[in-house]
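Good morning, and thank you for making time for this presentation. I shall go through one protein model, beginning with the overall picture and then turning to individual residues.

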Amino acid sequence: MSLLCVICDVNRKRVAGLDGLRGLCALYVMLFHCWAYTFRGFPRYRGPDWLSWLGFGRLSVVLFLVLSGFSLALAAARNDWRLGSLARYARRRAWRILPAYWAALAFSLVIAWTVVRQPHSAEPSAGSVVVYTLMLQDLFAVPTPNGAFWSIGVEALLYGVLPLLVLLCRRFGPAAMLAVVTLPVIVIGFVVFDGSPPQGDNWLAPHLVPAFAAGVVAAGVAAAGDRLGRLPWAWLSVLAAIPAGALILHRGARWMVNNYYWVDLAVVPAMTLFLLAVVSGRPAGLIRLLDSAPLRRLGAISYSLYLIHLPIVVAISQKLVIPRLGRDTVSFTVTTLLAGGLSLVGAWFFAKVFEVPFRSWADVRDTIRPPAPVVAPNRPVPTPAGRH
C-alpha cells in the first residue's frame with residue numbers, strides 16, 4: 001500500500017470490502033512488528049508456537065501492491081485503457097501520498113534521533129533525510145528512520161511504471177502485458193542471480209512489478225463487468241494458494257525471508273483471484289464482514305497506520321516494555337495494546353490532518369479558497385439566520 005491508497009469503484013460504485021481488506025492488511029503488519037520486536041531473532045522465532053501465524057507480514061505488503069495496481073488502473077480499464085493526462089495523474093498521486101509520507105518521515109526522524117533508532121540500522125544521517133525525502137530508499141542504502149518505508153519507495157516507482165503498463169494493455173492486452181513484465185523477472189532471478197536474488201529491502205525489488213501488474217489485470221477483468229460473476233473466484237484463489245501456502249508453512253518464516261523474491265511471485269495469483277472474489281461480491285458473508293463499519297474506518301486510516309506504526313512499536317517495546325517485562329507473551333500483549341492503541345490514534349490524527357485535505361489538487365485548492373456557492377437562476381441568495 002500502497003497501499004493501499006485510493007478508494008476504487010466498479011461501474012462508479014464503491015467496491016464493498018476493499019476498504020476493510022486494506023485496513024486488515026495494515027493491522028496485520030502492525031501486529032507482525034509487535035511480534036517480531038518482542039521475541040528475539042526473527043526469522044529464527046523463539047516465541048510460542050500459537051503466535052507463529054504472525055510471522056508473515058511481508059505477504060500483506062504484496063497484497064497492498066496488488067490492490068494498488070487494481071485501484072489505480074480501474075478507471076483506465078473502463079476507458080479503453082486510456083489513463084488520461086499524465087500531468088493530472090502525477091499531480092493526484094503526489095498530493096495523495098506525499099503530505100502524509102513527509103509528515104511521517106519527520107515524525108520517524110524525531111523518534112530515531114531522540115528516543116530510539118530502528119533496530120538493525122544506524123542512526124539516520126543527513127543522507128537519510130535526503131534519500132527518504134526524495135523516496136529513493138530502494139536505490140540507495142542509507143540508515144533508515146522507519147523500516148516500513150521501503151515499500152513506499154517501491155510504490156512510488158510503480159506509480160511511474162503504471163502509464164507504461166496501461167499502454168501495453170491498450171496495445172497488446174492485459175495478459176500480454178503481464179507476461180511482458182513477469183518473464184524478465186523470472187529470467188533475472190535465475191540467470192543474473194543464479195536462482196538466489198538478494199532479499200534486502202533496500203534494492204529495486206523488480207519481482208514486485210508483477211504483483212502491481214496483476215492488480216492492473218484484475219482491473220481489466222472487473223471493468224468487463226459481465227464476465228465478473230461467471231467464475232468461482234474464491235475457490236480458484238484457494239486452489240492457487242495451496243502450493244505456495246503449503247510450502248511456506250512447511251519451510252517456515254526463516255525460509256520465506258531468504259526466498260522473498262520467489263515467495264512474493266508465488267502468492268500473487270492467489271491474491272489476485274481473491275481480489276476478484278471480493279470485487280464480485282462473493283462470498284457474501286466475508287464481504288459483509290469486510291464492509292462492516294469498523295473495518296471501513298480502519299481502511300480509511302490504513303495508509304497513515306502503515307506509515308507511523310513502526311517507530312511507535314519500536315519505542316514502546318525497546319524502551320518501555322522489554323526492559324521491565326522481558327520477552328514473553330505478556331510483553332507482547334502489553335506492547336500490542338500500548339503501541340497498537342497509540343498507532344491507531346496517531347493514524348486517525350494523521351489521516352485527518354495529512355491525508356483527507358490533500359487527496360486531490362481540488363481538495364487543496366478548496367481548503368485554501370472555498371468555492372463560491374452555486375446560486376440557482378432567478379432565486380435570491382438566502383441570508384444567514386438573524387440577518388436581513
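This is a predicted model: local features need pLDDT of at least 70, side-chain atom pairs count only at pLDDT 80 or more; totals for chains, interfaces and linings use all residues.

Let me begin with a definition: a contact means heavy atoms within 4.5 Å. With that rule, and counting contacts with a separation of 6 or more, residues 24 or more positions apart account for 77% of the contacts in the protein.

Residues are numbered from 1 along each chain as its sequence is written, and side-chain values use heavy atoms, with hydrogens and water left out.

I turn to the overall composition. The protein has 14 helices and two strands, taken as DSSP runs numbered from the N terminus (helices are H or I with at least four residues, strands are E with at least two). Of its 388 residues, 49% are buried. Here buried means under 20% relative accessible area, exposed means over 50%, and partly exposed lies in between, with a 1.4 Å probe and protein chains only.

Next, the interior. A nonpolar core is a set of buried Ala, Val, Leu, Ile, Met, Phe, Trp, Tyr and Cys residues joined through side-chain atoms within 4.5 Å. The largest such core has 113 residues, and the members that touch the most others are Phe 70, Met 177, Val 216 and Leu 307. Helix H2 gives the most to this core, namely 14 residues.

Ala 77 counts as buried because its relative accessible area is 13%. Leaving aside residues up to four places away in sequence, Ala 77 touches Ala 219, Gly 220 and Ala 223. From Ala 77 to Pro 174 the C-alpha distance is 9.6 Å, although 97 residues separate them in sequence.

Helix H1 comes next. With 21 residues, H1 reaches 31 Å from its first C-alpha to its last, close to the 30 Å expected at 1.5 Å a residue; the expected span is 1.5 Å times one less than the number of residues. H1 is mostly covered, as 19 of its 21 residues are buried.

Now the charged pairs. Side chains of opposite charge can pair when their charged atoms come close. How many salt bridges does the count come to? The count is three, where a salt bridge is a side-chain nitrogen of Lys or Arg within 4 Å of a carboxyl oxygen of Asp or Glu.

One of them joins Asp 19 and Arg 22, at 3.2 Å from N to O. These two residues are three apart in helix H1, residues 18–38, and so are separated by about one helical turn. Both Asp 19 and Arg 22 are buried.

Another joins Asp 264 and Arg 58, with the closest N and O atoms 2.6 Å apart. This pair links distant parts of the chain, since Asp 264 is in helix H9 (residues 260–280) and Arg 58 in helix H2 (residues 57–78), 206 residues apart. Asp 264 is buried at 0% relative accessibility, and Arg 58 is buried at 8%.

There is also the pair of Glu 355 and Arg 96, whose closest N and O atoms are 2.8 Å apart. Glu 355 lies in helix H13 (residues 329–355) and Arg 96 in helix H3 (residues 86–114), so this pair ties together parts that are 259 residues apart in sequence. Glu 355 is buried with a relative accessible area of 1%, and Arg 96 is buried at 7%.

Let me also mention a loop residue. Gln 137 lies between helix H4 (126–133) and helix H5 (150–172). Is Gln 137 buried or exposed? At 0% relative accessibility, Gln 137 counts as buried. Its side chain makes a polar contact of 3.3 Å with the side chain of Tyr 101, and reaches the backbone oxygen of Phe 149 at 2.8 Å. A polar contact is a pair of N or O atoms within 3.5 Å; within protein, one must be able to donate a hydrogen and the other to accept it, and residues adjacent in sequence count only if both atoms are side-chain atoms.
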